[in-house]
Structures are given as C-alpha cells and as structure tokens.
Amino acid sequence: MEIFTKVAHTQESVVTKIVKFCPKSLQEFVCLQNFNRSGFQQIQLDIQFLRTTLKETAEDEAAIDFLLDEVIVACCGTMSGSNSLGTLHLGQAHTSKLAKTSEQSPASS
C-alpha cells in the first residue's frame, strides 16, 4: 500500500491523502500502547465507525479498508488476551448507534 505518493492538484486527491494519513498515524500510536480486552473492543468499535465515515470521504475505499484493518492488527498485537468482538456484535453496535444518532439529530427541511 503506497501512502506517501504524489498528490494531484485536486481537492479529492488532497482529502484522500489526508484520510490515508490518519489511520496510518493511528496505527503507529496503537503500536506503542498496551490494550486490555475492553480497550481492544473499543478500538474495534471505533474502527467500524471510522470505516463508514472515511469511505464516504475518500476516493480509495480499498486503501481505507486496508489501513483500518492494519490498525486492528496492530492493536491485536499489543493486547493481553484475545477476546475480540465478533462481526455480528460490531454490526449490531454500529447499527444501534447510527439509529440513536439519527433520532437525536433534528430533521432537516
């Protein structure tokens, strides 16, 4: 995965480059930390929310998926124990939070 490539002189290219730097920086941060089970599960939830948001923003969805998966792998490598949330639990938590957020947001006219 090439992160440090030339940036075209377009808004989409600049935004995509910035969006790629964020998960890479998060991965570097995670590598320096030690996580317990609940910390790892929180990272999993955070990454699930980031995945949806960043895919809407950047034009390179495959790169975003790869970089966010690398954050999970880095976090898993620094975790004591191995109790990750399953895909079903992540999906349920994500759907539940999105539903609550949409209920709290004022309706736009």
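The protein chain contains four helices and zero strands, where helices are DSSP runs of H or I of at least four residues and strands are runs of E of at least two, numbered from the N terminus. The structure is a predicted model, in which local features require pLDDT of at least 70 and side-chain atom pairs count only at pLDDT 80 or more, whereas totals for chains, interfaces and linings use all residues. Residues are numbered from 1 along each chain as its sequence is written, and side-chain values use heavy atoms, with hydrogens and water left out.

From the N terminus on, the order of elements is α-α-α-α. Of the 109 residues of the chain, 30% count as buried, that is, under 20% relative accessible area with a 1.4 Å probe and protein chains only, against over 50% for exposed and values in between for partly exposed. Among the contacts (heavy atoms within 4.5 Å) with a separation of 6 or more, 74% join residues 24 or more positions apart.

Helix α2 (residues 37–57) has 21 residues, which at 1.5 Å a residue should span 30 Å, and its end C-alpha atoms are 30 Å apart, in agreement with that value; the expected span is taken as 1.5 Å times one less than the number of residues. Helix α3, with 17 residues, reaches 24 Å from its first C-alpha to its last, close to the expected 24 Å. The buried residues of α2 include Phe 40, Ile 43, Ile 47, Arg 51 and Leu 54, while those of α3 include Ile 64, Leu 68, Ile 72 and Cys 75. The cover over the buried residues of α3 includes α1 and α2.

The two helices α2 and α3 pack at an angle of about 170°, with their axes 10 Å apart; axes are lines fitted to C-alpha atoms over the stretch in contact, and angles between N-to-C directions run from 0 to 180 degrees. This angle makes α2 roughly antiparallel to α3, a class that applies over 145 degrees. Among the residues that make the contact are Phe 40, Gln 44 and Leu 50 of α2 and Glu 61, Asp 65 and Val 71 of α3. By class, this contact has eleven nonpolar, one polar and five charged residues, with Ala, Val, Leu, Ile, Met, Phe, Trp, Tyr, Cys and Pro counted as nonpolar, Asp, Glu, Lys and Arg as charged, and the others, Gly among them, as polar.

The largest nonpolar core has 14 residues, and those with the most contacts inside it are Val 30, Ile 43, Ile 47, Ile 64 and Cys 75; such a core is a set of buried Ala, Val, Leu, Ile, Met, Phe, Trp, Tyr and Cys residues joined through side-chain atoms within 4.5 Å. Two or more residues come from each of α1 (11–31), α2 and α3 (61–77), and α3 gives the largest share, six residues.

Technical notes. Angles under 35 degrees count as roughly parallel, over 145 as roughly antiparallel, 65 to 115 as roughly perpendicular and the rest as oblique.
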